[in-house]
Amino acid sequence: DGSLLETDDNLLLIETNKDAPNGRVIAVDPQLPDPGQWIDVIPEGEFVLNASSGAGFLFAEYMVDAISRVTQFDLKGRMIRNIELPDLGTASGFSGEKDQEALYFTFTNYRIAPAIFALDPKRGKTTLFRASQSPFDGNRFKTEQVFFNSRDGTRIPMIITYAKGTRLNGTTPTLLYGYGGFDISIRPRFSSTVAAWLELGGIYAVPNIRGGGEYGKRWHIAGTKTQKQNVFDDFIGAAEFLIENKYTSSNKLAIQGGSNGGLLVGACMTQRPDLFAVAFPAVGVLDMLRYHKFTIGWAWATDYGRSDDPIAFKYLKEYSPLHNVKPVAYPATMVTTADHDDRVVPAHSFKFISEVQDKHTGENPVLIRIETSAGHGAGKPTSKQIEEAADILSFMLYNTGDSFNSPLKG
């Protein structure tokens, strides 16, 4: 893939991932387009690059441990400066015409609703141009990044957001969210539901587990097919880190994920039912032996493999949530799906909750919430989103005990 960014002295400045999976910027003479004649302007680096141009400069937004780091270059590739960002989060934009005096970029994370900042490219100074109209006050919260080692020693980053003044004594209800698949990077972004959870005084934690694209192709591949267990180990490692470091405890910890993330939650709750208080598998891929037989399921074999291959059958059966429900006590579980989901058919959720209800030996509620006249999630009306979020947050508070002392109260 390639895209034209700018022209300089009759050269085309192009961002490309040819021979550079993490991306690079090259200068190409249109009279000599052969790849042997290309000149590296911003060579491929350790981190995934997203480049833009404006005001006669190049801007390289690098995804460093899932967080934006933005470096300004001149059109020859000489570094000018690193751009100061408001917090740990996701920045995008920085593009404009060659003669623009000011450039604009958007910044967001789990506590900052998307805001537009102005950049003076000559001095490198940034100022808030337009704040979000969200009533949520992100200044009462803090975002931090931690690192922990997974089961095989791989270093995993995690972003944790919570109210300033929270006492880390193991008593705060915590929502741990993950995805881990299909080369999708889970980068800091604002969510009204997460904001509501933070306002209640809860902790929100997102580990950047393998299977995603946070460190490029190698990170994705390390969470696929025969290596898919790495994804679950990373997520379990995140839960153990939060407990060991007194952010929360197992009787206050909920896990959440949707689609491939629903598989993640289903696998982790069947592998470590003791570790979590609450589980929210949403529109999950839960029958790993038959998923490829329904709607678009066949397309996911690139990450999962297919059970008609004997090697894949063996590892799929080892972690398939549906096939690993045992007679034990499970966390309080609310499976969520919709009757018209044509991507991950609701049969996955129906079969899984039936197995859990049949074999569950504990007292925790294990139930399913089925939305009607809705699909996989995109385009869901605001009213239905609010109803579902209210059900999820109240289910979590009820099953972790809602008596925690939020520093925001009073």
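This report describes a predicted protein model, from its overall build down to single residues.

## Ground rules

The model is predicted, so local features need pLDDT of at least 70 and side-chain atom pairs count only at pLDDT 80 or more, while totals for chains, interfaces and linings use all residues. Residues are numbered from 1 along each chain as its sequence is written, and side-chain values use heavy atoms, with hydrogens and water left out.

## Overall build

The protein has 8 helices and 20 strands. Helices (H or I, at least four residues) and strands (E, at least two) are DSSP runs, numbered from the N terminus.

The C-alpha trace spans about 70 × 60 × 45 Å along its principal axes.

Of the 410 residues, 56% are buried. Buried means under 20% relative accessible area, exposed means over 50%, and partly exposed is in between (1.4 Å probe, protein chains only). Contact means heavy atoms within 4.5 Å. Among contacts between residues at least 6 apart in sequence, 60% join residues at least 24 apart.

Helix α3 covers residues 229–244, and helix α4 covers residues 260–271. They pack at an angle of about 70°, with their axes 10 Å apart. Axes are lines fitted to C-alpha atoms, for helices over the stretch in contact, and angles run from 0 to 180 degrees between N-to-C directions. The two helices are therefore roughly perpendicular to each other. The cut-offs are under 35 degrees for roughly parallel, over 145 for roughly antiparallel and 65 to 115 for roughly perpendicular, with the rest oblique.

Which residues in α3 and α4 meet? From α3 come Gln229, Val231, Phe232, Phe235 and Ile236. From α4 come Leu263, Leu264, Ala267, Cys268 and Gln271. These contact residues divide into 8 nonpolar, 2 polar and no charged. Here Ala, Val, Leu, Ile, Met, Phe, Trp, Tyr, Cys and Pro count as nonpolar, Asp, Glu, Lys and Arg as charged, and the others, Gly among them, as polar.

## Salt bridges

Side chains of opposite charge can pair when their charged atoms come close. A salt bridge is a side-chain nitrogen of Lys or Arg within 4 Å of a carboxyl oxygen of Asp or Glu. By this rule the count comes to 25 salt bridges. Asp8 is in strand β1 (residues 2–8), and Lys76 is in the loop between β7 (67–74) and β8 (79–82). The pair links distant parts of the chain, 68 residues apart. Asp8 is buried at 12% relative accessible area, whereas Lys76 is partly exposed at 43%.

Arg187 pairs with Glu61, and their closest N and O atoms are 2.7 Å apart. Arg187 lies in the loop between β15 (174–177) and α1 (192–199) and Glu61 in strand β6 (residues 57–64), so this bridge ties together parts 126 residues apart in sequence. Arg187 is buried at 19%, and Glu61 is buried at 6%. Arg272 bridges to Glu240, with 2.9 Å between the closest N and O atoms. Arg272 lies in the loop between α4 and β18 (278–282), while Glu240 is in helix α3. Arg272 is partly exposed at 24%, and Glu240 is partly exposed at 28%. Elsewhere, Arg369, Glu371, Lys380, Lys384, Glu388 and Asp391 form a network of salt bridges.

## A buried serine

Ser349 lies in helix α7 (residues 347–359). Is Ser349 buried or exposed? Ser349 counts as buried, at 1% relative accessibility. Leaving aside its neighbours within four places in sequence, Ser349 is in contact with Gly284, Leu286, Val335, Thr336, Thr337 and Ile368.

## Positive phi values

Most residues other than glycine have a negative phi. Ala66 has a positive phi, near 75°. Ala66 lies in the loop between β6 and β7 and is buried, with a relative accessible area of 0%.

Lys246 also has a positive phi, near 65°. Lys246 sits in the loop between α3 and β17 (253–258). At 45% relative accessibility, Lys246 counts as partly exposed.
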